Amino acid sequence: MTRILVIEDEALVRDNIVELLRAEGFAILLAGDGEEGVQVAREGQPDLILCDIRMPRMDGYGVLARLSHDRLTETIPFIFITARTERLDQRLGMGLGADDYITKPFTRRDLLNSVRKRLEKQQVLIRQAEEKFQQVHASITRRLPLNLLSPLSVLLGNAELLADSEPIASDPA
């Protein structure tokens, strides 16, 4: 089941988002502020993060910056949900690496479309990485036996030569 972390300090907004996502079959992780959100993201490894910008303890920009520099969380799709509609705010969020920026108030359709698109894109990236891994694995598997056999062949050949050769007479001195 796909897990979505919702980081939102306003209980009413958070509850509405959770209800909407659960109705679509998503498992939900919750955080009421930025600090908690970073901790839940690291521990819960969600498939996607929805995050408000204005929050106590750490704002959404801080959350994204911390998660983007953490190997455990750097590839998790991240969507801002905020009342901040200024272009500068949006550019800042996208510049930090957000995958999308949804402004409040938003419709059910807007939220679900954004979530689905980000999850689909993530699946494509995972599939591409798996295909690349399989290609590298196949290449190594094909080449490894030859690389191991070459030195062994030389050793076996020299051993056969020694076995077939005349013993060296020792000098009884």
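Student: In this predicted model, does E8 count as buried or exposed?
Tutor: E8 is found in the loop between β1 (3-7) and α1. The cut-off for a buried residue is a relative accessible area under 20%. The relative accessibility of E8 is 1%, so E8 counts as buried.

Student: Which side chain makes a polar contact with the side chain of E8?
Tutor: Not counting residues up to four places away in sequence, E8 touches V13, R14, A31, G32, D52, M55 and K104. A polar contact requires a pair of N or O atoms within 3.5 Å. At 3.1 Å, the side chain that makes a polar contact with that of E8 belongs to K104.

Student: How far from a polar atom of the side chain of E8 does the backbone nitrogen of E10 lie?
Tutor: E8 belongs to the loop between β1 and α1. A polar atom of the E8 side chain and the backbone nitrogen of E10 are separated by 3.0 Å.

Student: How far apart in space are the C-alpha atoms of E8 and A31?
Tutor: A31 is among the residues that E8 touches. In sequence, E8 and A31 are 23 residues apart. Their C-alpha atoms are separated in space by 6.5 Å.

Student: What distance separates the end C-alpha atoms of helix α1?
Tutor: Helix α1 covers residues 11-23, which is 13 residues. At 1.5 Å a residue, the helix should span 18 Å. The separation of its end C-alpha atoms agrees with this, at 18 Å.

Student: Within what arc do the buried residues of α1 fall?
Tutor: The buried residues of α1 are V13, R14, I17, V18, L20 and L21. Seen down the helix axis, they line one face of α1, because they fall within an arc of 165 degrees.

Student: Which exposed residues does the face of α1 turned away from its buried side carry?
Tutor: The buried side of α1 includes V13 and I17. On the face turned away from that side, the exposed residues are L12, E19 and A23.

Student: Where does D70 lie, and is this residue buried or exposed?
Tutor: D70 is placed in the loop between α3 (60-68) and β4 (78-82). A polar atom of its side chain is 2.9 Å from the backbone nitrogen of L72. With a relative accessible area of 14%, D70 is buried.

Student: In what order do the elements of the protein chain run from the N terminus?
Tutor: The chain has five helices and five strands. Read from the N terminus on, the order is β-α-β-α-β-α-β-α-β-α.

Terms used: Residues are numbered from 1 along each chain as its sequence is written. This is a predicted model: local features need pLDDT of at least 70, side-chain atom pairs count only at pLDDT 80 or more; totals for chains, interfaces and linings use all residues. Side-chain values use heavy atoms; hydrogens and water are left out. Helices (H or I, at least four residues) and strands (E, at least two) are DSSP runs, numbered from the N terminus. Buried means under 20% relative accessible area, exposed over 50%, partly exposed in between (1.4 Å probe, protein chains only). A polar contact is a pair of N or O atoms within 3.5 Å; within protein, one must be able to donate a hydrogen and the other to accept it, and residues adjacent in sequence count only if both atoms are side-chain atoms. The expected span of a helix is 1.5 Å times one less than its number of residues. The arc is that of the directions from the helix axis to the C-beta atoms. Contact means heavy atoms within 4.5 Å.
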